[in-house]
Amino acid sequence: MNKKALTEADIRTKFITPALVGANGDKWDLMTQVREEVYFTKGRVMVRGKSVRRGVARRADYILDYKPNIPLALIEAKDNNHAVGDGMQQALDCAEMLDIPFVYSSNGDAFLEHDRTVTSGPVTREIPLDQFPSPEELWTRYCQAKGLTGSQALVATQDYFDDGAGKTPRYYQLIAINRTVEAIARGLDRILLVMATGTGKTYTAFQIIWRLWRSGAKKRILFLVDRNILADQTKTNDFKPFGQALTKITHRRVDKAFEIYLCLYQAVTGTEEEQNIYRQFSPDFFDLVFVDECHRGSAADDAAWRKVLEYFSAATQIGMTATPKETKDVSNSDYFGEPLYSYSLRQGIADGFLAPYKVVRIGLDRDLDGWRPALGQTDKFGHAIEDREYNDSDYDRNLILEQRTVLVAAKITEFLKATDRFAKTIVFCQNIDHAERMRQALVNANQDLAAANSRYVMRITGDNDEGKAQLDNFIDPESTFPVIAVTSQLMSTGVDAQTCQLIVLDKQIKSMTEFKQIIGRGTRINEDYNKLYFTIMDFRGATALFADPDFDGDPVQIYEPGPGQSPIPPDDEPQAGEDGIGGEGDVDPFGHGQDLPGPGATRYYVDDVAVRVVTERLQYLDADGRLITESLRDYSRQTLRKTYASLDAFLNAWNDADRKLAILEELADKGVYLDELAEQVGRDYDAFDLVCHVAFDQPPLTRRERADKVRKRNVFAAYGDQARAVLDALLQKYADAGLRSVESLEILKVDPLPTLGTPVEIVTLFGGKNAYLAAVRQLETALYQKAA
């Protein structure tokens, strides 16, 4: 056997896998412990204009599990033309991302080991194929490195819950679960987990609690939430496997016969001592307290949650949040310590688990320039308007410019009409009064749909029972109405709107916590409903918070249209209500902070001041997730010139490629979408000419011009009449639609080619499939012969 001639797949099958199993089959179990070709990300969703595609998902050749969901080792395989250790850098990159302790590279001759648990002494060593460590050997080494005793290791290896449906945790959930269970097994009693909105925090919490509960490490558990809807969803969905052991504390009644308690913190605390029913439990009743969304209240020394945590101070306490608070007055890390694990919005977008977003920034003249009333001017009710400069901080609080509201509603409607009028939309307003006026303006701007269904636009705020009753319908992907939800103050959680495609900001936001929570309303992906990205329309400059170093997930695009232009992009202090505490069931998941003028202040309603759009702006994320401000054309030029240092380098790559489409697919993975570029440069140009023209300033030829040049040169004279007719038809297809049609065998089924024979008959004209494909390559060579 010539080992050098074997593919990487052959090396894995013939050498690496047998070495893992062992000569007697007594090492790693192929069915339960060895996973091959493991894809652990989804591939970033890349958006350019109207084009959306996924990037390449990351993959490991082998992941070896001590038990299901407890990974111990990762192996990167190479063919035998590589050295043993050539895959190590790649393997280490994956292992660090996946938090896997033992890393290997192999070319089929031996293994190179890198032990990530070693803090002193040799880290790497070469191992003969037949001496690959067994699962027990690696687990023993891991336990020694981590200082796990026998009883602690039993907790750390407790089985995950498996419902038999095949659902497995994502890699970052595994890390959070395994680190937490192991840390608690070792005796850590304060733990903070930071996971972006939409990453499955409740499922992660369930698996942590399940494993600790089933292992006997924790017997009575309190799970605190701050939304009634969250408690109900948790009980009926993720926590359902707890069955009869689970209860939800309601109506301030305590039953001590259960083991798992779900509770709104408002239900066990209050301003009066008798309302603090958590004191009916003894301080040592719970041995685990889990605080969901712990940025709300629990971090503040005087907050109600903090009092609950301090009362049960003997219990292990886990805080989980998407937005940890770190200010001079409020700190999660002061209480819980530094995060045991963090999975950011930026990482979630990069991995393809969270939706990226575009930003449309719209500047209105009165917002940017301010407004001052004429001397003695009155509002529409005859009130004399105080003579001073009014600006964005006044609008919709103590000064209402009614035409501004109408203009904002018109721009929202313009966007929806140009995209999808039934795209779920949330509009955030300054207060309830502003939300009601915005609802009316949107109804007027969408009279046809609002007349057809009165729920097309709904105000969903804390004071409006009719609106709140429609919340579940708004969240439900299968429910068409309501389409537009107008609200006021976001109160951090509770709106899992998987199909939300447009978020409108017409309120001032200065809190990073609140800003991240608003962004989180749209970051969930739902591919069944074609929700892969969303758009933020910003009228108040709130997205300036993207520039804050505390923000961790840049937009895919920012657009600021000018006057008269379409809103469609071309192809940290707590605010009012943020930490408010209400009674059980009296919670508005969108929030209902009033943000009104102070006592005695006058609110002016002005209906005769014109407002117009003066700016709208655009930015993209590149393939590495960095924010760039160029146009699509400038970005494409820079990326192309980084990929190909010169025109000759591109021409060489193009001419050497058997499939030209492979080059176009590679460019698309880097964010260069030639279809969108053609919209700007010209639809008649081939991908080849777009690259040469945009990147290297070459004069382009249209596809038809290239096809005509080939015909004039009589390139296919050597073929028979029927074969020449086929090639001429392919040439015409290229002139009409470009390369994709020429390189696909499916084109043989499209008129006029079927008139020349069946696909088999046409291929036979050339002497077989290989000869036909060679003729197609000759055609492509002829098309690009006069390249520069």
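Below, we take a few of those words one by one, working on a predicted model.

Me: Why are helix 22 and helix 23 called roughly perpendicular to each other?
Reply: Start with the angle: helix 22 (residues 674–681) and helix 23 (residues 687–696) pack at about 70 degrees, with their axes 10 Å apart. Angles of 65 to 115 degrees count as roughly perpendicular. The pair is therefore given that label. As for handedness, helix 22 passes helix 23 in a left-handed crossing.

Me: Which residues make that contact?
Reply: Helix 22 brings Leu674, Leu677, Ala678 and Val681, while helix 23 brings Ala687, Leu690, Val691, His693 and Val694. Sorted by type, the contact has 8 nonpolar residues, 1 polar and no charged.

Me: What makes strand 4 mostly covered?
Reply: Buried means under 20% relative accessible area. In strand 4 (residues 59–67), 7 of the 9 residues are buried.

Me: How do you know that strand 4 pairs with strand 1 and with strand 5?
Reply: Count the bridges, since two strands pair if there are at least two between them. Strand 1 (residues 34–39) is joined to strand 4 by 5 bridges, and the two run antiparallel. Strand 4 and strand 5 (residues 70–77) are also antiparallel, with 5 bridges. Isoleucine 63 is a handy spot to look: arginine 35 stands opposite isoleucine 63, and in strand 5 the bridge partner of isoleucine 63 is leucine 74. The hairpin of strand 4 and strand 5 has 2 residues between the strands, and asparagine 69 takes a positive phi near 75 degrees there.

Me: Why do strand 11 and strand 15 stand at the edges?
Reply: Here we're in an open sheet of 7 parallel-paired strands, in the order 11-12-10-13-14-9-15. Strand 11 (246–248) and strand 15 (341–343) each have a single partner strand, so one side of each has no neighbour in the sheet. From one strand to the next, the twist averages 15 degrees.

Me: What makes strand 10 and strand 12 a pair?
Reply: Same test again: at least two bridges are needed. Strand 10 (residues 221–225) and strand 12 (residues 260–264) have 5, in the parallel sense. Along the way, leucine 224 stands opposite cysteine 263 of strand 12.

Me: Which strands does helix 5 touch?
Reply: Helix 5 (residues 171–185) packs on the sheet against strand 9 (190–195), strand 14 (316–321) and strand 15. Its direction makes about 175 degrees with that of strand 9, and angles over 145 count as roughly antiparallel.

Note on methods
Residues numbered from 1 in each chain as written. Predicted model: local features only at pLDDT ≥ 70, side-chain atom pairs only at ≥ 80, totals over all residues. Heavy atoms only, no water. Axes fitted to C-alpha atoms, helices over the stretch in contact; angles between N-to-C directions. Helix = DSSP H or I, 4+ residues; strand = E, 2+ residues; numbered from the N terminus. Parallel < 35°, antiparallel > 145°, perpendicular 65-115°, else oblique. Left-handed = near helix turned anticlockwise from the far one by under 90°. Contact = heavy atoms within 4.5 Å. Nonpolar A, V, L, I, M, F, W, Y, C, P; charged D, E, K, R; others polar. Buried < 20%, exposed > 50% of the residue type's maximum accessible area, 1.4 Å probe, protein only.
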